[in-house]
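Q: How does one read the packing inside a protein model? Please begin with the contacts of a single residue.

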Amino acid sequence: MKVAVLGCGRWGSFHAWYARRIGHQVMLWGREGSAHLKALRDTRQNEYLTMPEDVELTDDLAHAVEFGEVLIISISSQKLREFCGRLKELPNLDQKKIVLCMKGLEIGTGKRLTTVVGEVLGTNQQVAVWVGPGHVQDFVREIPNCMVIASKEMQLTRDLVTAFASPLIRFYYGEDLLGTEIGAAAKNVMGLAAGMLDGLGYSSLKGALMARGTKELSRLIEKMGGDKMTVYGLSHLGDYEATLFSPFSNNRRFGEEFVKGETFGKLAEGVYTVEALMDIAREYHLELPICALVYAIVHEHKDPKEELLKLFLRDTKTEQE
């Protein structure tokens, strides 16, 4: 199969590497002037992996889209709407399968990423999400993991799982697209909170964060019309090890360095996602205490230690509340 990967950062470069590894023809696109693309062209390497020589590199978006039967998109979630606007101008897009290998919600609207794609490219566009635990640094060392692919059409989900499954990644079929997307996006917010706990020396509270965080998000998913149990699957709880505990997690590292007053220079999607979650919480009249805490610390500059202790030492209630 011909696979075009659109986006050449950490995950985009991994998906190109992985698709070639399992036998597909691969083209990797990066925007014109991209430092990531330049490094790959100059050395075939980045800080994570060595790109196979037969993966074609390009900054010509039309060429990449024409090439691919499957388009894997791995860019910042906040740039997706604009990017889809560029894709819309290209021919034969309705014949392509789009796979979003990214996690987030659109700030300002709180919309899921597949909703954004549908609004720009039309609701008949074939689109799926590929999420779940795992780090590039582990995959390239041949450490396997499990992930999930979900879409509105089970046949599309099955086709993509068949195309991308290997001994390195075991896929599960996602049956609840809404819950999968919300859970995958929200786990980055929990990652910020975990990093804050690490930075303050309260790492032992991460068990409580895991328990209460999944409960909080299960209520939200149910309220939005999804399956509340989805949050306990691979897209959210299953990704906690890679997000709440791993030294490779950008969101955890951002949270840790933020409370220490240091600057973390890489993308941490949870910073944007928590804004969108606050909009959703207001829309559905639902309290999201952990998300609200992260928002207050990151965006309202509240005292991290005071806010975190206030959260975990709240008034006594039953565990089901």
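A: Contact means heavy atoms within 4.5 Å. Leaving aside its neighbours within four places in sequence, Val294 is in contact with Val189, Leu192, Ala193, Met196, Val274 and His299. This is a predicted model, in which local features need pLDDT of at least 70 and side-chain atom pairs count only at pLDDT 80 or more, while totals for chains, interfaces and linings use all residues. Residues are numbered from 1 along each chain as its sequence is written, and side-chain values use heavy atoms, with hydrogens and water left out.

Q: Which residues touch the most other members of the largest nonpolar core?

A: In soluble globular proteins, nonpolar side chains tend to be buried together. A nonpolar core is a set of buried Ala, Val, Leu, Ile, Met, Phe, Trp, Tyr and Cys residues joined through side-chain atoms within 4.5 Å; buried means under 20% relative accessible area, with a 1.4 Å probe and protein chains only. The largest core here has 41 residues, and Ile182, Met190, Leu209, Leu220, Leu277, Cys291 and Val294 touch the most other members. Helix 8 (177–199) is among the helices that each supply at least two residues, and its share, 11 residues, is the largest. Helices are DSSP runs (H or I, at least four residues), numbered from the N terminus.

Q: At what angle do helix 9 and helix 13 pack?

A: Two packed helices are described by the angle between their axes and the distance between the axes. Axes are lines fitted to C-alpha atoms over the stretch in contact, and angles run from 0 to 180 degrees between N-to-C directions. Helix 9 (residues 206–224) and helix 13 (residues 289–298) pack at about 105°, with axes 8 Å apart. Helix 9 is therefore roughly perpendicular to helix 13 (65 to 115 degrees).

Terms used:
Angles under 35 degrees count as roughly parallel, over 145 as roughly antiparallel, 65 to 115 as roughly perpendicular and the rest as oblique. Buried means under 20% relative accessible area, exposed over 50%, partly exposed in between (1.4 Å probe, protein chains only).
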